[in-house]
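Here's a quick tour of the salt bridges in this structure. Have a look at the sequence and the model, then read on.

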Protein chains: 2
Amino acid sequence: MRRVESTMLGSAARALCVLAVFGFEARASESVRPNIVLFLVDDLGWNDTEVEFAPQRAPGNVRARTPNVKRLAETGVRFTQAYAYPVCSPSRTSLMTGQSSARHRVTQWTREKDADPSGQGLPVVSPPGWRRNGLQPGEPTVASLLRDSGYRTVHVGKAHFGARTTDGEKPENLGFEVSIAGHCAGAPGSYSGEDGFGRRHPGWAVPELEAYHGLPIHLTDALTVEANREVERAVRDGKPFFLYLAHYAVHTPLTPHAPHVAAYRERGFSEREANYASLVAGVDGSLGSLLAQCERLGVAANTIVIFVSDNGGLATNERGSLDLDGADPARRYNFPLREGKGNAYEGGIRVPQIVAFCRRDERAPAQRQFPIAAGATSDAPTILEDLFPTILDLAGAARSTLDLPRARIVDGRSIVPLLDPESEAGRVERAARGDRAILVHYPHVWGPRGKGYEPFTALRVGDHKLIWFPCSPRFELFDLANDLGESRDLAAANEDLVKFLRERMIAELAARDALYPVLASTGEEVRP
Amino acid sequence: MRRVESTMLGSAARALCVLAVFGFEARASESVRPNIVLFLVDDLGWNDTEVEFAPQRAPGNVRARTPNVKRLAETGVRFTQAYAYPVCSPSRTSLMTGQSSARHRVTQWTREKDADPSGQGLPVVSPPGWRRNGLQPGEPTVASLLRDSGYRTVHVGKAHFGARTTDGEKPENLGFEVSIAGHCAGAPGSYSGEDGFGRRHPGWAVPELEAYHGLPIHLTDALTVEANREVERAVRDGKPFFLYLAHYAVHTPLTPHAPHVAAYRERGFSEREANYASLVAGVDGSLGSLLAQCERLGVAANTIVIFVSDNGGLATNERGSLDLDGADPARRYNFPLREGKGNAYEGGIRVPQIVAFCRRDERAPAQRQFPIAAGATSDAPTILEDLFPTILDLAGAARSTLDLPRARIVDGRSIVPLLDPESEAGRVERAARGDRAILVHYPHVWGPRGKGYEPFTALRVGDHKLIWFPCSPRFELFDLANDLGESRDLAAANEDLVKFLRERMIAELAARDALYPVLASTGEEVRP
């Protein structure tokens, strides 16, 4: 955690920024302002692309055909220890605010106003005070800060920030000047333009894409067209842009993305897995189209792409459930990780993350200022809120912290030094993260039930991960360096380490002013 | 032919119109200004949709799956005797200018500056003076006139008006305020966004659709998205719109439009014909999407669609050639018509034409002013230049003829009275057309060679059609009422009628100041 100080109040700073916008062209030669694309894929698993994040090549890497994601990784840095929250809204709120989920208290996914989607029947249930309506206007977001510092801020795709009928439902209320296709829902009613992207499912239909209705155009492609168009408009207007392109894919419904699905069917994939793989391939195609657009517009060497997922890959529900203990481990989703989305084990919270310029050009001013090592790997642990100060850093906005109220707390740490891992700054930052706690506090249940699909708090420090499960109260301890698949619970044999990490967990939760789950029977708080 | 008089010069009228635009909302209650969509399909054959234009249902009608075109016909009027020119540029120039091809002299398709694409080796060749560079700025077009009278004029799709590198290449120079995807080429380099719509074919790549590049989106769908978007913008801006939506489909290359193609393959169509049918189905889907967009925006009852093709359906080249005399007639393309695009027989020049409001609502002001009889048929002969005064009529622009220079000749006749065929006005107009000459003067050769694929002039008056072929000099005479397939040449047995019609042909050509083909050997003019 760190505190970002500002001596200016928001409104005064905003006025200053308006001046700054008009003076942008004059300033451009002095300070480099790269374009920034946050390319957020929904529910994409750790090894669902060709890019390898595990020490050994995973079956998922072999099955995937994602040449553009692969190219991106070859151009930049892959982060092998990147974390997110186990479900969507907490992750997105952390991205937007730079705060730990425990602090911003949007700890669970949101949808209907004032509703708690966590199921019933467990002995321990959601903290009553969690923010059921999600992110709302009134606090600085990465979008509002970039907007105020002169960036064109564009939201395309899934929002899922605020609950239905609240102001937070609309990205344009959260700092985005342009908002296309985002609302309260966490999934599309349909991926097909022919269905109006879910016209027949009130509340789930993707908004603002009426021009595509009735046409055989996949949602991923429609969003890409919209994004490409906004990129062009920003470039034409001479504005640096922050594009938050949040694909609905590869979330359920797992329907095919033609024509990509044909190749997977021919390769013998089951219908379900061909459909899923086609959604992944569609997202890869989107990335390729966007990279080409930046190239065509002459901004490739000045545009940074952050490719990341919002939680682990789906391993239940529409993908069926593969029994952890019974199935051939290598056939499990997210292998070598255990379980998937919604779960406490690594499959639920470890995400693919890549940062790269669209094209390498060491002479480009932005690349001189922010060197990104081509094809590099960083094993420093990161978590989604780190992207908030990272993006502000890249935009030059963090240094002036124009709109951040005094003492606004940001839990994230910029990963900019890690973009050149072998540099002095990179080594220093990696060392600094050695004792940093990665905290994933999820006092809820996502949907499916089962081991790990339950309320939990996970703390990773160094190579060790402690998980607290309050329902059938227990701690589990894993050594991720030697047991990435979390098959050997070391808690019983390492009482001292459990005690030490438990104290750290308690301290980290307290530092974030966390809310705790309660006993369903009494409403009494339960703490680790 | 008729002369449209105007007492005002263009520039003064333009100034007046600017005032009119700002005063539009105030005037709207007084004069009805329907939105007008010219839905132009390229190379669509007479019976390539479910809508029957022949006295008997044709095999093409049975094979097609075009529910939206069918619905349009049920909502409005189909014209069973609608003519176009045998190739593209003459037809489009007639649409734009209201003049007969013989008069505007863009008698052949255009492409490269100053080039004549007609092949060599025939005894008779193109008139040296034909306008090889196509339509150019400087004369009023239906678009410039509507723009000047306050319409938002939008061009989406294939232009093919002026030759490469000339000003006429760009629709924005010909009266369109918005121009998307049109240039000098008469075909797309590719229908696939994945190929950048022909990125690898310099000069053939469809321009201005970069946002779709790299994505599996079909050109027909991309154009529809663009059109839908412009419709929305016009409605939002409170402007009546003239949308010229000119699909590249169903021109070659005959590649499939997924997902439509699957249904035709399953029905046993050959690969080539499944591809072709899928292009037709794609266009039908485009129409459906556009109709739904107008409905959604609340303008369906105030929007008129003119659905038409620019020449007969392709019956050679990529579709192979079916020998006229050998094959089962019912299997011929364009059956019951003879031959297809580029040819003198009806298959080359008879086109499907439908005019309808997007939705019937007799109480809508536009429909009170312009009654269109639902499901009606008009057998009055029409030709493409008729759509110029028709559109001006519908827009209320013809009555003021704001920008038309004094004595500008318009050969077209408005078909507005025919929209309610059984009305008094409809019967009068049908009778008035009884002796009108339909003249198709094509002193060139399109490409393929064969009977009818050669220079010709065709004259239809009443039920009779006289064709003059200068290459192997001859006249042919057909009675279309009794021999729609033109299988019985009546010329030898009806010398008096040939003589009479030949004199009429000579007079009609002279009245249009036509240019004549020349002998390749001497350069001497050849006349009928």
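B:Arg272 and B:Glu273 meet through their side chains in a salt bridge, 3.9 Å from N to O (a salt bridge is a side-chain nitrogen of Lys or Arg within 4 Å of a carboxyl oxygen of Asp or Glu). This is a predicted model, where local features need pLDDT of at least 70, side-chain atom pairs count only at pLDDT 80 or more, and totals for chains, interfaces and linings use all residues. Residues are numbered from 1 along each chain as its sequence is written, chains are lettered from A and ligands numbered from 1 in the order in which they are written, and side-chain values use heavy atoms, with hydrogens and water left out.

**Chain B pairs**
- B:Arg272 counts as partly exposed at 37% relative accessibility, while B:Glu273 is buried at 9% (buried means under 20% relative accessible area, exposed over 50%, partly exposed in between, with a 1.4 Å probe and protein chains only).
- B:Glu486 pairs up with B:Lys465 in another salt bridge, with the closest N and O atoms 2.8 Å apart.
- That pair links distant parts of the chain, 21 residues apart: B:Lys465 sits in strand 16 (residues 464-469) and B:Glu486 in the loop between strand 17 (474-479) and helix 16 (495-511). Helices (H or I, at least four residues) and strands (E, at least two) are DSSP runs, numbered from the N terminus.
- Both B:Glu486 and B:Lys465 are buried.

**Chain A and the total**
- A:Asp116 and A:Arg132 form a salt bridge too, their closest N and O atoms being 4.0 Å apart.
- A:Asp386, A:Arg413, A:Glu429, A:Arg433 and A:Arg436 join up in a salt-bridge network.
- Over all chains, the structure holds 80 salt bridges.
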